[in-house]
Amino acid sequence: MVEMKFLGIDFSCALVSLSNGEFPEKDCLLPLISKLLGYCIVAASTTVKLPQILKILKNSSVRGLSILSFELEVVGYTIALAYCLHKGLPFSAYGELAFLLLQGIILVAIIYYFSQPLGTMTWIRALLYCALAPTILAGRIDPLLFEALYASQHAIFFCARIPQIWANLKNKSTGELSLLTSLMNFAGSMVRVFTSMQEKAPMSVVLGSVIGIMTNGTILSQIILYQKPPAKKQKKAD
């Protein structure tokens, strides 16, 4: 059988089955679907935070957004990406992290810009990240510390959502949060659970996606719950 591979995806078994008038077996079909979904997530991740960025720029406001939530999210993406690179996982299993990290940094910078003046602690956190992130991404740390950091990134992602969830509850509003970005985050987490299991990623990777489903689902439900209906135009009296 001639191998037919594209972007690391082997279509051979599926094409052979279809050419024989048979439906591909599960052992052939599931890995194929996993790879395709993985690359779909990577492709979608290139623009997942764009709606949030555009909404802030359009309204020139970061009303209702928690700075700490977005900062912790960047830290979590940094650790997760470094760990996946260190473990040598296929790009389809983690590729979205690179794009999410880049967009996350841009988003934090925009939030900083519209949150002037920034406090001393905010500057300290930003400088500390700039100092440590290159070392972590390069994997130049002790392996045991690396494992501990990756274990902690699940808690970081969870804690990253808590300030925003609490702010939404307190304000009974989601402010400038983007519905589309939150929806894409939620859908991406659900798909990533399936692809991570198919790629035989460590259970810690799968756990991170499950936490993402819970927290992103909570924020998405808040956006839908607190969304104000459009004001009805009153008809003028004749």
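Trainee: Which residue forms a salt bridge with R63, and how far apart are the closest N and O atoms?

Mentor: A salt bridge is a side-chain nitrogen of Lys or Arg within 4 Å of a carboxyl oxygen of Asp or Glu. Here the partner of R63 is E176, and the closest N and O atoms are 3.8 Å apart. The pair links distant parts of the chain, 113 residues apart: E176 is in the loop between α7 (143-171) and α8 (179-198), and R63 is in the loop between α3 and α4. Helices (H or I, at least four residues) are DSSP runs, as are strands (E, at least two), and both are numbered from the N terminus.

Mentor: Two remarks on the source apply throughout. This is a predicted model, in which local features need pLDDT of at least 70 and side-chain atom pairs count only at pLDDT 80 or more, while totals for chains, interfaces and linings use all residues. Residues are numbered from 1 along each chain as its sequence is written, and side-chain values use heavy atoms, with hydrogens and water left out.

Trainee: Is E176 buried or exposed?

Mentor: Buried means under 20% relative accessible area, exposed over 50%, and partly exposed in between (1.4 Å probe, protein chains only). E176 counts as buried because its relative accessibility is 7%. R63, with a relative accessible area of 47%, is therefore partly exposed.

Trainee: How many salt bridges does the structure hold?

Mentor: The structure holds 5 salt bridges. One of them joins R125 to E71, with 2.7 Å between the closest N and O atoms. This pair, too, links distant parts of the chain: R125 lies in helix α6 (residues 120-137) and E71 in helix α4, 54 residues apart. The relative accessible area of R125 is 32%, so R125 is partly exposed. E71 has a relative accessible area of 10% and is therefore buried.

Trainee: How do the axes of α4 and α5 lie relative to each other?

Mentor: Two packed helices are described by the angle between their axes and the distance between the axes. Axes are lines fitted to C-alpha atoms, for helices over the stretch in contact, and angles run from 0 to 180 degrees between N-to-C directions. The axes of α4 and α5 come within 9 Å and cross at roughly 155°. That angle makes α4 roughly antiparallel to α5 (under 35 degrees is roughly parallel, over 145 roughly antiparallel, 65 to 115 roughly perpendicular, the rest oblique). Contact means heavy atoms within 4.5 Å; the residues of α4 that make it include F70, E71, V74 and Y77, and those of α5 include L97, L101, I105 and Y112.

Trainee: What is the handedness of the crossing of α4 and α5?

Mentor: The crossing of α4 and α5 is left-handed: the near helix is turned anticlockwise from the far one by less than a right angle, whereas clockwise would be right-handed. α5 also passes α6 in a left-handed crossing. The axes of α5 (residues 96-113) and α6 come within 13 Å and cross at roughly 165°. α5 and α6 are therefore roughly antiparallel to each other. L101, I105 and Y112 of α5 meet T122, A126, Y129 and L137 of α6.

Trainee: Which helices do the buried residues of α3 pack against?

Mentor: They pack against α5 and α8. In α3, P51, Q52, I53 and I56 are buried. α3 is followed by S60, whose phi is positive, near 50°.

Trainee: Which residues are in contact with S189, leaving aside its neighbours within four places in sequence?

Mentor: They are S209, G212, I213 and N216. S189 lies in helix α8 and, at 11% relative accessibility, counts as buried.

Trainee: Finally, how many aromatic pairs does a search of the whole structure find?

Mentor: Rings of Phe, Tyr and Trp (its six-membered ring) pair if their centres lie within 6.5 Å; planes under 30 degrees apart count as stacked, over 60 as edge-to-face and the rest as tilted. The search finds 4 aromatic pairs. Among them, Y113 and F114 are edge-to-face, with 5.0 Å centre to centre and 85° between the planes. Y113 counts as exposed at 59% relative accessibility, and F114 as partly exposed at 25%. Elsewhere, ring pairs link Y83, F146 and Y150 into a cluster.
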